[in-house]
Amino acid sequence: MNDLRGVTDLDRLIHEPARLLIVTILTPVESADFLFLQRETGLTKGNLSAHLSKLEEAGYVKIEKTFKGKLPLTICRLTTAGKKALIQYRQQLQDFMDKTA
Amino acid sequence: MQSNFMEVEQRVKRYWFKDGLGELVGGGMILLIGFYFAGQEWLPEGSMGRTLLQSSLALLIIGGALATRWLVNVMKARLTYPRTGYVEYQAGAKNTSSRRLLTGGIAMSVSALLVVFGRFFGSFNWLPGFTGLVFGVTFILLRARANGVSRFYVLGTFCIILGMALSFTSLPMGYSLGLFYGLTGIVSMFSGGITLLRYLRENPLPIETDNE
């Protein structure tokens, strides 16, 4: 039973499904814009914005607001801390599943 | 669970091929190489044109690769990014200068081996078959299998069959290679064109183009 307690140590910020999806999408790329993230996650603009803000506050995602012509462009990239957090989360989850299998 | 993560990551990697622009522009480049080989065969031996053409292969390949990359990026910026978003891919830790040197070294060694092989057997008729095999394996392993883009299985198989078939014809080498590159380029452009049309139909420009 004690072995299973590790699951309570899961990073809750990443554990939330929408944020987990955002972080997973950003893993294999250098950066992606807001439109791409919105289409891939299926979230509304407001919802995606809120999740990105939380990830940015935690230092997991870096957000740059630039312009493409006259249109604002939001570029998101996963930070080193974000990458480490996702790797750790996946490992913890895998350990938990191995123990409960 | 791990497979779910991998599926999402693969879907993101697959996004590069979603619009077919790479095949469309790359196919045009392959078609040009086809014209190069056919032109070399067609021009009389010892003529100025043939000599010029023979010395321009490296320029055609390097210049063509750079032009293809530039054109794909320009077209993606105009057609793809406003519709489905912008993604910048990682250069990859594997893409180091030593690795590029190694790739160049292997390519040169293989070319030298091919020449030795040809001289030994007294014929280069098998060259289209070998080229088809290289193209086919590249399409199938590096595009279809690694990125999960199934249309590259068809393109890869087409290259292998076409290369093998041309190896059994009695066409002069230049025409045989010209046909291989030309037909591969046309099929690639056709595949890319169909993919692009489908992509544009399925992804109209958002009315509100403001990105967040």
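Biologist: At what angle do helix 2 and helix 3 of chain A pack?
Modeller: Helix 2 (residues 17-26) and helix 3 (residues 34-41) of chain A pack at about 125 degrees, with axes 10 Å apart. That makes helix 2 of chain A oblique to helix 3 of chain A (under 35 degrees is roughly parallel, over 145 roughly antiparallel, 65 to 115 roughly perpendicular, the rest oblique). Axes are lines fitted to C-alpha atoms, for helices over the stretch in contact, and angles run from 0 to 180 degrees between N-to-C directions. Helices (H or I, at least four residues) and strands (E, at least two) are DSSP runs numbered from the N terminus.

Biologist: What should I know about the model and numbering?
Modeller: This is a predicted model: local features need pLDDT of at least 70, side-chain atom pairs count only at pLDDT 80 or more, and totals for chains, interfaces and linings use all residues. Residues are numbered from 1 along each chain as its sequence is written, with chains lettered from A and ligands numbered from 1 in the order in which they are written.

Biologist: Which residues meet between the two helices?
Modeller: A:Ala18, A:Leu21, A:Ile22 and A:Ile25 of helix 2 meet A:Leu37, A:Glu40 and A:Thr41 of helix 3, contact requiring C-beta atoms, placed from the backbone, within 7 Å.

Biologist: And what follows helix 3 of chain A?
Modeller: A:Gly42 does, with a positive phi near 75 degrees.

Biologist: Turning to the sheet, what is its strand order?
Modeller: The open sheet has 4 strands in the order 2(A)-3(A)-1(A)-1(B), paired antiparallel; pairing needs at least two DSSP bridges. The twist averages 20 degrees from one strand to the next.
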